[in-house]
Amino acid sequence: LEVPPVFPGGMDKFYKYLNSSIKYPPMAAEQNIQGKVFVSFVVEKNGALTDIKVLRNLGGGTDEEAVRVLKASPNWIPGVQNGKQVRVKYNIPISFSLAN
């Protein structure tokens, strides 16, 4: 892979997008569920995210929320191999923590 896929503006912007988009699930908050949901997805040639899967779940609605936010993500800048845009699988942890 010559150029990996990237969120428009870089990964800092991606984490800002996650932080502003994630709505802490009430059940997770009530049960004090915190931690990371590990997800995988494919960045398609057009930048769309597909095949979103939870690899390690946390429970309390956090898994569904992680998937919802990824589905709503703006298109990424696709990866490039041999000068062509290609599909690239991506794994990423999404953190859920309750602010005191």
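Guide: Let's start at Glu44, which counts as buried because its relative accessibility is 16%; buried means under 20% relative accessible area, exposed over 50% and partly exposed in between, using a 1.4 Å probe and protein chains only. Before going on, some ground rules: this is a predicted model, where local features need pLDDT of at least 70 and side-chain atom pairs count only at pLDDT 80 or more, while totals for chains, interfaces and linings use all residues. Residues are numbered from 1 along each chain as its sequence is written, and side-chain values use heavy atoms, with hydrogens and water left out.

Back at our spot, the side chain of Glu44 forms a salt bridge with that of Arg87, at 2.7 Å from N to O. The term covers a side-chain nitrogen of Lys or Arg within 4 Å of a carboxyl oxygen of Asp or Glu. Glu44 sits in the loop between strands S1 and S2 (49–56), and Arg87 in the loop between S4 (84–86) and S5 (88–96), so the bridge ties together parts that are 43 residues apart in sequence. Helices (H or I, at least four residues) and strands (E, at least two) are DSSP runs numbered from the N terminus.

By that rule there are 3 salt bridges. Another joins Lys53 to Asp51, with the closest N and O atoms 3.0 Å apart. Lys53 is partly exposed at 43%, and Asp51 is partly exposed at 42%. Then there's Arg68 with Glu65, whose side chains meet at 2.7 Å, N to O. These two are 3 residues apart in helix H3 (residues 62–71), which means about one helical turn separates them. Here Arg68 is partly exposed at 39%, whereas Glu65 is buried at 9%.

Both Glu65 and Arg68 also take part in helix packing: Phe14, Tyr17, Leu18 and Ser21 in H1 meet Glu65, Arg68, Val69 and Leu70 in H3. Contact here means heavy atoms within 4.5 Å. Two packed helices are described by the angle between their axes and the distance between those axes. For H1 and H3 the angle is about 120° and the axes are 10 Å apart. That makes H1 oblique to H3.

One last stop, back in S1 (residues 35–43), is Val37. Val37 is buried, because its relative accessibility is 0%. Beyond neighbours within four places in sequence, Val37 contacts residues including Val54, Ala66, Ile94 and Phe96.

Technical notes
Axes are lines fitted to C-alpha atoms, for helices over the stretch in contact, and angles run from 0 to 180 degrees between N-to-C directions. Angles under 35 degrees count as roughly parallel, over 145 as roughly antiparallel, 65 to 115 as roughly perpendicular and the rest as oblique.
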